[in-house]
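Dear colleague,

Please find below the structure that I am handing over to you, with its sequence. My notes on the findings follow directly after it.

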Amino acid sequence: SARVGQECLDVEWLESGLLRASYRTGEQCDKPVFPASPYVLTDKLKPLPSSTETARLRLTLDSTSLCLSIYDKRQQRAVTKLCPGTGENNSFTLALAKGNTEQLYGLGQQHPAPGTTDGDWLQRGTRVAGSKYGNQLVDAKGGLVGNTQFPILYALGKDATPWSLFLDNSYPQNWSFQGDPFKVGVKGGDDLRFYFRVGESL
């Protein structure tokens, strides 16, 4: 774990290729990090050193920026870097280094271009919440279709380690994939909690 001023980040491994993290600010940093989980026997978090690893991954936590760098030991290559923070109106943000990612899928249901079936968010560029509440039925050339959030992002690439990110937050989320790093903003919640997993494929 690490704390810088009014910001803190706690991380723990759940499996060799799976970790979870919680970024908080202010008085939330003094509260319990994670509730009881089916993955672990206790909700008491073990301290995380600045660099730690499992059989599959090496994780480096920058205690100044609170960024997490993830390295695939098996494939001997960087996976991504995740940098949590805050934005306007006390929103949470998370930046993810693009690396060798070539395709992005998931994030629920949205139909920005009727008549097309390509669900690659890297080509679309942005994923915007349907309303101030997150989900919404929106117009699609005379009909209504759902813009519904399922905050799980899947990343693929020819020379990239496949990874997924589950953003454990029910508030509206806005994603941008137009640059490097990718960015997401979340407009609510006591913390920015996320789960990160790598695998051989999706």
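Glu 200 and Arg 56 form a salt bridge in this predicted model, and their closest N and O atoms are 2.9 Å apart. The pair links distant parts of the chain, 144 residues apart. Glu 200 lies in the segment after strand S17 (192-198), while Arg 56 belongs to the loop between S4 and strand S5 (57-61). With a relative accessible area of 49%, Glu 200 is partly exposed; Arg 56, by contrast, is buried, with a value of 6%. These two residues also take part in a network of salt bridges, in which they are linked with Asp 72 and Arg 74.

A search of the whole structure gives 10 salt bridges. One of them joins the side chains of Glu 53 and Lys 73, at 2.7 Å from N to O. Glu 53 counts as partly exposed, at 41% relative accessibility. Lys 73 is likewise partly exposed, its relative accessible area being 24%.

A further salt bridge is found between Asp 191 and Arg 193, with the closest N and O atoms 3.3 Å apart. Are these two residues buried or exposed? Both Asp 191 and Arg 193 are buried.

I turn now to the cavities. The structure holds two cavities of 30 Å³ or more.

The largest cavity has a volume of about 50 Å³. Its lining consists of Leu 107, Arg 127, Val 128, Ala 129, Gln 149, Phe 150, Pro 151, Gln 173 and Trp 175. Sorted by class, this lining comprises six nonpolar, two polar and one charged residues.

The second largest cavity contains about 40 Å³ of space. The residues that line this second cavity are Ala 78, Val 79, Lys 98, Gly 99, Asn 100, Thr 101, Ala 160, Thr 161 and Trp 163. Here the classes are four nonpolar, four polar and one charged residues.

With kind regards

Conventions
Residues are numbered from 1 along each chain as its sequence is written. This is a predicted model: local features need pLDDT of at least 70, side-chain atom pairs count only at pLDDT 80 or more; totals for chains, interfaces and linings use all residues. Side-chain values use heavy atoms; hydrogens and water are left out. On a 1 Å grid over the protein atoms alone, a cavity is a set of points where a 1.4 Å probe fits but cannot get out, and a pocket is an open set with protein on both sides within 12 Å along at least five of seven lines; lining residues have an atom within 4 Å of a point. Grid points are joined across faces, edges and corners, and a volume is the space filled by probe spheres set on the points. Ala, Val, Leu, Ile, Met, Phe, Trp, Tyr, Cys and Pro count as nonpolar, Asp, Glu, Lys and Arg as charged, and the others, Gly among them, as polar. A salt bridge is a side-chain nitrogen of Lys or Arg within 4 Å of a carboxyl oxygen of Asp or Glu. Buried means under 20% relative accessible area, exposed over 50%, partly exposed in between (1.4 Å probe, protein chains only). Helices (H or I, at least four residues) and strands (E, at least two) are DSSP runs, numbered from the N terminus.
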